[in-house]
Structures are given as C-alpha cells and as structure tokens.
Amino acid sequence: MARHVVVGKGPVGSTTARLLAEQGHEVLVLSRSGGTSTDRVEHRAVDAADAEALTRAVGRADLLYNAVNPPDYTTWSRDWPPLAAALLTAAERSGAGLVVMGNLYGYGRPSGPLTPQSPLAATDEKGRLRAQLWTDALAAHQAGRLRVTEARASDFVGPGIPPAQSHLVRQLETLRRGRRAWVVGDPDVRHSWTHVPDAAATLIALGADDRSWGRAWHVPSPAPRSQRQALTDLARAMGAPPARVSGIPWPVLRAAGLAVPLMRVFGAIRHQWDQEFVLDASETTAVFGLAATPWDDVVRSTVAAVQPGTSAGSGSSAEAGTGRLKK
C-alpha cells in the first residue's frame, strides 16, 4: 500500500483523496484549515507555502499531489511562487514523485487545438507565471533532484465546485430563475470543459505510471461546447426555462476593470473566450487508456450537486465519471 499526500482540499484535491482511499492507499490531505480525519483519509493543517513545515508534514511519501488553488484569483503572482517552491522542496527532500494539477494558461492565444506539445507562449501575467512554474519544476526534474509531471485541464465543471470557481456553475442559479446569463467573451465559440473527477483520475494515473515523468499531459475532456450550448444543456437538465445567454461586451469589461481587479484579469485572458479554446488529450487516452466522462453524465452530475433538497452540494457527489479506462 503506497502513501499518498494531497496538498489542497478543494474539488480536485478532495476527489483525488477519495479515489486514492477507495483504491486502498494510505492518504494524507494537507491544507491551511485542516479537516476531520476518517479511517480512510487523514487531514492535517499546514501552511503549504512554508517549505519546512510542508516537508515535515509530508514526511515519508511515495507520491505528492499539488492540488492547491490560491483563493484570490487576482493575487496569483504573489501567492503561487512560494507555494510552488515549497512543494518542489518537499518533493525533493521526501523523495516523493510530484504530480501537479495545472491548467492551459501558459499556452497563451491558441492557433488550433492545444496539445501538450503546444509552445508555452503566453504574454499575459498569469500565463507567463504558470509557464515559469512548470519550467522551474521541469528543470528540477532534469537535474535529477525529483520526479515531476503535470496534468493540464481546462475550465472545471462538475460536482462540488464553488460557483466562484466555475464559469458554468456560477450561472446555474441565474438559469434556475429564468434570468439571462451574462458570460465572458463570445458565447458561441467552442470551449473545452473538464470534469473534476476526470482531472483527479488523471492525476492518479500519472503518479502510478513511470511513463508520465518529466512532461505534461492533458486531462481527457468531453467534446467542446460553447458557453451557450453548455448552459442550455444545464438549464434543460435542471428543468429550468430555456437558457438565455449573452456575452458581456469587451468595452464594458475593460471599463469595469478600472474599479474591479477581477474584471482586469478577464481582459488579460481574453484569448480564452473570444475564439475557440479547445484541449486535445488524445495522447493521454492513447498512453494511459483514460477517457473523458460523456457530456450528458457531466451535466447530470453537475446539476445533481446543486439541486435543492439534495446533499450533493457538499462536494461528496463525484461518482459520475471517474476517468474511466477506455475500452
């Protein structure tokens, strides 16, 4: 039985810990606030940006998962570097393989479907930051200091995601009330969406296979859907009125950004929302046999998590689609 340490207890970290425990592994979850331990998953409180404290908490481990997500989207440049550096230190000192939950920011504006071989050519602050974090981790791997791999996902959808962390989930209450959903960018361009359980299953598969080390992989995700298509499907599944979806004009976002930092962030990553932004994970499927959860199942699990009178909204409802092996 291997010892797995998951840093972060958000949707991805919690789902990863649950799946590992179901496989019979020893699982420790580290987070700033800690949590309630069970006979299957131990929780401890630690500041993940403190390299010494994190290293002590990790102790002996076979695999270390970086599922951290700094809570303030506008302060990534301040929050991410010490977190990433501490995780590299803990992995090196413990000898654990480091599996990173990444995203697509580092690629910048795409010229077609994004693959793991696409250049990290971002020009915005957040994209350059994510690219540099991976460059630093890869350099440590190539120097023989540690083993590292990264799973890159698109925007998350699925159970247990706080509305503030998902472009789709944040619109569900609006749709339920029959109101117009105002979205960032062009509501009719195709966009990839990643189901949280598929991200967790990919992290686990990468950590279990030596072929993963020293490079990035994409999380298998359903066929791309525009924001209008995705929200229409979600509204229908909730039994809500037909979805009405409009894009917020970019001049309005720019004006709002003068007073609201988050709006400035959306302007900086305009390339993710004003043209097709599509993830290609065919190599992950070919090498590891993982397939994306079908879109209809993604919609059902997402809606089930927010339906009134259910307990799924607590984040425990992640059963539908756990990165199933492709037949």
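These legends cover the cavities of a predicted model.

Local features need pLDDT of at least 70 and side-chain atom pairs count only at pLDDT 80 or more, while totals for chains, interfaces and linings use all residues. Residues are numbered from 1 along each chain as its sequence is written, and side-chain values use heavy atoms, with hydrogens and water left out.

**View 1. Cavities in the model.** The structure holds four cavities of 30 Å³ or more. A cavity is a set of points, on a 1 Å grid over the protein atoms alone, where a 1.4 Å probe fits but cannot get out. Its volume is the space filled by probe spheres set on the points, which are joined across faces, edges and corners.

**View 2. The largest cavity.** About 130 Å³ of space lies here, in the largest cavity. Its lining residues (an atom within 4 Å of a point) include Asn 66, Trp 80, Leu 98, Arg 130 and Glu 150. Two or more lining residues come from each of α3 (76–94), β5 (97–103) and α4 (125–142). Helices (H or I, at least four residues) and strands (E, at least two) are DSSP runs, numbered from the N terminus. The lining has nine nonpolar residues, one polar and two charged. Nonpolar means Ala, Val, Leu, Ile, Met, Phe, Trp, Tyr, Cys and Pro; charged means Asp, Glu, Lys and Arg; the others, Gly among them, are polar.

**View 3. The second largest cavity.** The second largest cavity has about 60 Å³ of space. Among its lining residues are Gly 102, Tyr 107, Leu 120, Trp 134 and Arg 152. β5, α4 and β6 (148–153) each supply at least two. α4 gives the most, with three residues. Four lining residues are nonpolar, three polar and three charged.

Methods: On a 1 Å grid over the protein atoms alone, a cavity is a set of points where a 1.4 Å probe fits but cannot get out, and a pocket is an open set with protein on both sides within 12 Å along at least five of seven lines; lining residues have an atom within 4 Å of a point.
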